[in-house]
Amino acid sequence: MDECESKDTFLEFLAGRYENLKDENTITPVTDRDQRKFRSYLYNRKLLLRKKTSDPETHEIFCTQCPSSSLHGYWKTPATRTTSSHLLVHFRNKHPDLPTNDTEEEKICLRLGLPKSKIDDDTSSLGQANLWKPRKSDEPFVPEVFRMLLAKAILTTNLPVEIVETQEFQDLLLYLNPDAPTLSRADVHEDVAKLLKNEEKTDHVR
């Protein structure tokens with residue numbers, strides 16, 4: 001990874017064995033705008049590859065960073081399962097130097113001094129939703145920015161929107177900031193729709 005000369009070569013590095021594993025059954029990264037499943041960072045950056053099987057209720061998942069002879073890095077999973085917590089554990093344990101989200105990727109690129117890639121935004125599922133800056137301790141809390149970041153987190157991690165209505169989630173937000181708004185599922189659905197609409201506009205401009 002330290003030999004990467006640009007963001008493009010860094011992303012190629014993250015893709016690992018993706019091109020060798022890819023075939024007509026491969027369904028990630030998602031290209032169909034109507035298909036919102038399997039849009040996590042690991043799929044978008046081709047660290048993971050997901051395939052259909054002869055059984056319509058089962059998918060195969062491959063870690064593109066693991067060698068083909070490895071006993072790790074391969075899973076069979078229900079086709080309807082979109083969560084990836086067990087896959088994150090794999091990367092934390094087997095590939096701890098690799099990023100598993102946009103924030104980690106940005107830190108690595110800054111450390112390596114990689115120039116910004118021309119395709120940097122093309123592989124991001126939210127494009128314009130990344131236009132924000134960390135809030136300093138003396139800066140005011142902006143509910144609109146909070147809602148955008150929450151919608152982005154839910155969309156990219158496939159979290160159920162019902163989480164915002166649980167008491168535990170609301171307690172967490174109030175502990176972090178008493179000014180955080182209480183949101184309903186309908187609010188989150190509305191915010192996610194705005195993000196996706198912005199994404200489509202961005203695609204038309206490119």
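## Surface patch

Leu172, Tyr175 and Leu176 make up a nonpolar surface patch. Together they have about 400 Å² of accessible area (Shrake-Rupley method, 1.4 Å probe). Patch residues have over 30% relative accessible area and no salt bridge, and nonpolar side chains are joined within 5 Å. A salt bridge is a Lys or Arg side-chain nitrogen within 4 Å of an Asp or Glu carboxyl oxygen.

Leu172 sits in helix 7 (residues 167–176). Helices are DSSP runs of H or I with at least four residues; strands are E runs of at least two. Leu172 is partly exposed, at 46% relative accessible area (buried is under 20%, exposed over 50%, partly exposed in between).

## Model basis

This is a predicted model: local features need pLDDT of at least 70, side-chain atom pairs need 80 or more, and totals for chains, interfaces and linings use all residues. Numbering starts from 1 along each chain as its sequence is written, and side-chain values use heavy atoms, without hydrogens or water.

## Nonpolar cores

The largest nonpolar core has 21 residues (buried nonpolar residues joined through side-chain atoms within 4.5 Å). Among its members, Phe10, Leu14, Leu42, Leu47, Leu48, Leu87 and Phe91 touch the most others. Helices 1, 3, 4 and 5 and strand 2 each give two or more residues. Another core, of 15 residues, lies apart and includes Phe146 and Ile154.

## Aromatic pair

The whole structure holds one aromatic pair. The ring centres of Phe62 and Tyr74 are 5.1 Å apart and the planes meet at 55°, so the pair is tilted (centres within 6.5 Å; under 30 degrees is stacked, over 60 edge-to-face, the rest tilted).

Phe62 is in strand 2 and Tyr74 in strand 3, so the pair ties together parts 12 residues apart in sequence. Phe62 is buried at 15% relative accessibility. Tyr74 is partly exposed at 35%.

Methods:
Patch = residues over 30% accessible without salt bridge, like charges linked within 9 Å, V, L, I, M, F, W, Y side chains within 5 Å. Buried < 20%, exposed > 50% of the residue type's maximum accessible area, 1.4 Å probe, protein only. Phe/Tyr/Trp six-rings, centres within 6.5 Å; stacked < 30°, edge-to-face > 60°.
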